[in-house]
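Look at the structure below and keep two topics in mind.

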Amino acid sequence: MPEENNGKTFRFNVCSECKSVCCQDAKPPLTKQRQKTIKEHIEKQKINIKQPFAREHYSYPLVDEHLFCVLFNKQTGKCFVHQVKPETCRAGPVTFDINFKTRKIEWFLKKPQICPLAGVLFEAPALFKSHFEAAKTEIIHLVQHLSADELKAIVKIEEPCTFKIGEDDLPAEVAEKLVLN
């Protein structure tokens, strides 16, 4: 799992100053391995989060009474587990959908009005290309390790304010588990 220079990348700097609410009511999906990694990180760093995960159709970080992710530190505006955060958080503002008819994974970018990082990336082609490739790797890993039922639940979630930036063939093992043969 790649480190992000301990939070000192352009991605983190933009995110830590952001006033958007991507850490509120997002419920990013978690593989079992990512849950284990996050739990180990929480214990190692002695972060006081008793119940980090919830499950409703798929596993995700628990949210508080205001729907903020429990991994989000409201005092600092940073993620407690930035180095090991969920795949879709690492991929943001790139997101995905699965087109069951074409057997493609479709890539989307959030619009700058909901994610300032999207604007930064869009205006810097070299940074965008680098981030997009890393985002695709993270998301492909995620879809390969979630069950068919989890994936079907996730792709039902609407993602407003995004636009399509590309598509790739769905990995064969993912198409197979989704019974798209």
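Glu-138 and Arg-34 are both buried. In this predicted model, the two form a salt bridge, with the closest N and O atoms 3.6 Å apart. Glu-138 sits in helix H5 and Arg-34 in helix H2 (residues 32–44), so the pair links distant parts of the chain, 104 residues apart. Arg-34 and Glu-138 also belong to a network of salt bridges with Glu-87 and Arg-90.

The structure holds twelve salt bridges. Three of them are listed here.

| Pair | N to O distance | Separation in the chain |
|---|---|---|
| Glu-138 and Arg-34 | 3.6 Å | 104 residues |
| Arg-55 and Glu-150 | 2.9 Å | 95 residues |
| Asp-169 and Lys-104 | 2.6 Å | 65 residues |

Arg-55 lies in strand S1 (residues 53–55), and Glu-150 in helix H6. Arg-55 counts as exposed because its relative accessibility is 52%, over the 50% cut-off. Glu-150 is buried, at 10%. Asp-169, in strand S7 (residues 162–169), pairs with Lys-104 in strand S6. Asp-169 is exposed at 55%. Lys-104 is partly exposed at 21%.

Now the nonpolar side. In soluble globular proteins, nonpolar side chains tend to be buried together. The largest nonpolar core here has 31 residues; Phe-96, Ile-139, Leu-170 and Leu-178 touch the most other members. Elements supplying at least two residues each include strands S5 and S6 and helix H5. H5 gives the largest share, six residues. A second, separate core has twelve residues, among them Ile-47 and Phe-53.

Which residues does Leu-170 contact, leaving aside neighbours within four places in sequence? They are Ile-98, Arg-103, Lys-104, Ile-105, Ala-175, Leu-178 and Leu-180.

Technical notes
Residues numbered from 1 in each chain as written. Predicted model: local features only at pLDDT ≥ 70, side-chain atom pairs only at ≥ 80, totals over all residues. Heavy atoms only, no water. Core = buried A, V, L, I, M, F, W, Y, C linked by side-chain atoms within 4.5 Å. Buried < 20%, exposed > 50% of the residue type's maximum accessible area, 1.4 Å probe, protein only. Helix = DSSP H or I, 4+ residues; strand = E, 2+ residues; numbered from the N terminus. Contact = heavy atoms within 4.5 Å. Salt bridge = Lys/Arg side-chain N within 4 Å of Asp/Glu carboxyl O.
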